[in-house]
Amino acid sequence: MKTMYIAFLAVFILFSCNDSGKKDTSYRPNSVGNINNLQVVIDNDLWNGPVGEEIRTYFAAPTDGLPQDEPLFTMNQMPVSTFTDFARTNRIFLHVSLGKESKVKIAKNEYARPQVGAIITATSEEELIKLIEQKHEQIIEAFHASEIKERQRRTKVSMMDTDSLKERFGVSLKVPSAYRLANSSDDFYWLRKNLKSGTTNILIYTVPLNTITNDSMAVSQIIKMRDSIGGGYLPVEDEGRFITEDAYAPYLFKSEIDGHFAYETKGTWEVKGAFMGGPFVNFAIKDEERDRYLILEGFTYAPSVEKRDLQFELESILRSAKLTN
């Protein structure tokens with residue numbers, strides 16, 4: 001009996017570690033959870049106090065570029081003692097607790113696959129707050145990348161044929177099969193998906209490289225560009241025009257698509273006089289080899305519907321872009 005136990009233990013150790021001696025996570029169960037649903041593991045007294053407020057400040061902050069406030073993540077809180085078994089399989093989690101040392105760890109596939117978790121421990125509440133403030137951007141970036149990858153994985157289940165994009169624009173995109181071609185020409189593509197109330201849309205076109213000259217002028221030049229192209233190609237009723245909503249300046253970020261520098265712009269669009277509007281995300285991808293910017297834009301028209309996850313799907317599609325030779 002003792003010999004059998006030793007043999008079992010040896011097999012367990014063998015399968016628990018890889019050749020480098022690191023823990024093997026290949027046997028982990030599949031992770032679960034809706035897109036952008038964050039499991040917050042923290043005891044009730046911390047959650048209901050200043051530490052919880054600090055978490056909500058960053059992880060429930062309004063999502064950039066939406067017409068109404070919607071939180072960055074939908075958070076579900078549970079005490080540390082209940083974080084066991086199936087409760088550990090959420091795809092993204094934030095674990096915050098008091099301990100004997102102060103540290104932050106971003107763990108991959110700790111309890112399930114794929115999974116990204118941020119584990120924060122500190123010797124006091126004040127130290128927890130300090131660590132959350134210092135590391136929240138890094139943690140949010142890790143969660144965002146994980147959710148983009150998951151959204152793209154779901155898209156791969158059933159994809160639209162986009163081979164014509166390679167021929168006309170030198171780019172491939174992973175687009176769900178629910179989209180259809182709404183309009184196309186040699187220099188403009190419009191893909192659309194019908195919703196119960198409204199649509200989500202993808203625009204693809206190119207502009208000369210000198211259209212966006214520098215960082216300081218980028219916002220105004222991108223607005224001028226998209227108002228000219230979108231206003232000229234997208235049909236609207238009553239002689240309206242599809243333009244950037246002018247009450248608030250869009251958010252501008254520097255990003256990267258397929259190894260290429262890109263300006264990422266998030267804001268809202270409108271059709272003046274028609275009481276129509278919604279959010280957009282625009283990537284201007286610098287393609288110096290072809291002396292152009294490749295423009296990929298996703299926008300939503302969905303009155304009275306929350307738009308965070310609709311825009312997130314569009315962003316995941318646009319980030320799947322691969323520039324071809």
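Rings of Phe, Tyr and Trp (for Trp, its six-membered ring) pair if their centres lie within 6.5 Å; planes under 30 degrees apart count as stacked, over 60 as edge-to-face and the rest as tilted. By that rule, F242, W269, F299 and Y301 form one aromatic cluster. The structure holds 15 aromatic pairs.

This is a predicted model, in which local features need pLDDT of at least 70, side-chain atom pairs count only at pLDDT 80 or more, and totals for chains, interfaces and linings use all residues. Residues are numbered from 1 along each chain as its sequence is written, and side-chain values use heavy atoms, with hydrogens and water left out.

Begin with a sheet. Helices (H or I, at least four residues) and strands (E, at least two) are DSSP runs, numbered from the N terminus. Two strands pair if DSSP finds at least two bridges between them. Five strands form an open sheet with mixed pairing, in the order β2-β1-β3-β5-β4. Its edge strands are β2 and β4 (103–108), and each pairs on one side only. Neighbouring strands of this sheet are turned by 20° against each other on average, direction ignored. Here axes are lines fitted to C-alpha atoms, for helices over the stretch in contact, and angles run from 0 to 180 degrees between N-to-C directions. Strand β1 (residues 37–41) pairs with β2 in the parallel sense over five bridges. There, N37 stands opposite T74 in β2.

Helices come next. Contact means heavy atoms within 4.5 Å. Helix α3 (residues 50–59) packs on the sheet and touches β1, β2 and β3; its direction makes about 155° with that of β3. Helix α4 (residues 125–155) lies across β1, β3, β4 and β5 (116–122), running at about 175° to β5.

Now back to the rings. The centres of the F83 and F93 rings are 5.4 Å apart and their planes stand at 50°, so this pair is tilted. F83 lies in the loop between β2 (74–78) and β3 (92–98), and F93 in strand β3, so the pair ties together parts that are ten residues apart in sequence. Buried means under 20% relative accessible area, exposed over 50%, partly exposed in between (1.4 Å probe, protein chains only). F83, at 3% relative accessibility, counts as buried. F93, at 1%, is buried too.

What about charges and rings? A charge sits over a ring if NZ of Lys or CZ of Arg is within 6 Å of the ring centre and within 35 degrees of the ring normal. The charged end of R56 sits over the ring of W47, 4.5 Å from its centre.
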